[in-house]
Amino acid sequence: HMNVKESDSPIGIVPSWLPTLPKVNVSTNKTAPGGGEWVWPPPDDGKSLPVCHRYLPYESDLPDDPQQLENLGNPERVILYLHGGGFVLCSSKTHRSLLMMLSDCTGATILSPNYRRPPEHPWPVPVEDCVASYRWLIEVGKLDPSKIVFAGDSAGGGLVVATMAKAREEGLPLPAGGIMWSPWLDLTDSFSGTWTTNQDTDFLPRDWAYKFSMAYAGGKDRLAEASPGNVNLEGLPPLLVEVGDAECLRDSALVWVERAKAAGVDVEAVVSDGMVHVFPLFAIFANKDLPPHQSYERAASFVDKVLGVCSDSESLTSGELV
């Protein structure tokens, strides 16, 4: 167990008071490694009511809390969500609004651990912690990996493939798929391409990116080795990669997408016009017909597809497919 305390998870630059959904439950993770939170839709039994979100996360036992149920209640779909924050900031709390929207649109039970982070815990500790959470879902939660999807944003998007590669290395079966929103994959470069041309439209400063990448890698000589984009791509499951056309990470993410496709990975990549870094986070401020909401719709279709609920032809709509 990692014994991660709430005090170890600074809020960073994302406020924790963003609006929440009245029909999705949240509870503090007290069972799986890493702390963080569980997020799940209440059962459709006409009896269960969601918690009062004024006091999120709910600290008392809820009858439908997965942690209180044998084998987590045998959910048909589970998402292991790895939060972003440049590898050094944020937590499940800062991403709670995003997690609740993702749970609502996919119908999935979500575990979002607060993996340990630099500078105290540089690479590979964060990756090892994410693998520990995945191993717990399989070995303690008794979940079928074919019912699990990884998801993450920014640094967490990079951790999606890093965790898959490390899990494969440790002999664990891989999940059904992965969702990568604005993934940070190449730590060796924070200057070329859209890192420079989109500085005026995105909110990621290059100097912060360099400092965060150095802290995560633990030194300049480890940047390439620690880069999630450099993992062995062999045998990875289907992936959905989303980037904004106006974000700094667009070019590096799309270069990696082409490399993954060349390696035989089934990758669906979507570029949304005019969108910035991790634009799904801003869906609470957007109209329903705009890209932030459409990204959740695509996520739900992707989860359905990799779990065998719908066909490929039904998977993705809107956005520019790459």
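User: Between which elements is the loop that holds F87?
Analyst: This is a predicted model, in which local features need pLDDT of at least 70 and side-chain atom pairs count only at pLDDT 80 or more, whereas totals for chains, interfaces and linings use all residues. Residues are numbered from 1 along each chain as its sequence is written, and side-chain values use heavy atoms, with hydrogens and water left out. Helices (H or I, at least four residues) and strands (E, at least two) are DSSP runs numbered from the N terminus. On that basis, the loop holding F87 lies between β3 (78-82) and α1.

User: Is F87 buried or exposed?
Analyst: F87 is a residue other than glycine with a positive phi, near 75°. Buried means under 20% relative accessible area, exposed over 50% and partly exposed in between, for a 1.4 Å probe and protein chains only. Because its relative accessibility is 0%, F87 counts as buried.

User: Is K142 buried or exposed?
Analyst: K142 also has a positive phi, of about 60°, although it is not a glycine. Its place is the loop between α2 and β5 (148-153). With a relative accessible area of 55%, K142 is exposed.

User: How many of the eleven residues of α1 are buried?
Analyst: The buried residues of α1 include R96, L98, M101 and T106. α1 is largely enclosed by the rest of the structure, because the number of its eleven residues that are buried is nine.

User: How are α1 and α8 oriented to each other?
Analyst: Helix α1 (residues 96-106) and helix α8 (residues 291-306) have axes 9 Å apart at an angle of about 50°. Axes are lines fitted to C-alpha atoms, for helices over the stretch in contact, and angles run from 0 to 180 degrees between N-to-C directions. Angles under 35 degrees count as roughly parallel, over 145 as roughly antiparallel, 65 to 115 as roughly perpendicular and the rest as oblique. The two helices α1 and α8 are therefore oblique.

User: How many charged residues are in the contact of α1 with α8?
Analyst: L98, M101, L102, C105 and T106 of α1 meet H293, Y296, A299, A300 and V303 of α8, contact meaning heavy atoms within 4.5 Å. Ala, Val, Leu, Ile, Met, Phe, Trp, Tyr, Cys and Pro count as nonpolar, Asp, Glu, Lys and Arg as charged, and the others, Gly among them, as polar. The contact of α1 with α8 has eight nonpolar residues and two polar ones, and the number of charged residues is none.

User: How many charged residues are in the contact of α2 with α3?
Analyst: The axes of helix α2 (residues 125-139) and α3 come within 9 Å and cross at roughly 70°, so α2 and α3 are roughly perpendicular to each other. In this pair, V127, E128, C130, V131 and Y134 of α2 meet L159, A162, T163, K166 and A167 of α3. By class, seven residues of the contact are nonpolar and one is polar, and the number of charged residues is two.

User: Where does P124, which has a cis peptide bond from W123, lie?
Analyst: The peptide bond from W123 to P124 is cis, with omega near 10°. Another cis bond, with omega of about 5°, joins P118 and P119, and P119 lies in the loop between β4 (109-112) and α2. P124 is in the loop between β4 and α2.
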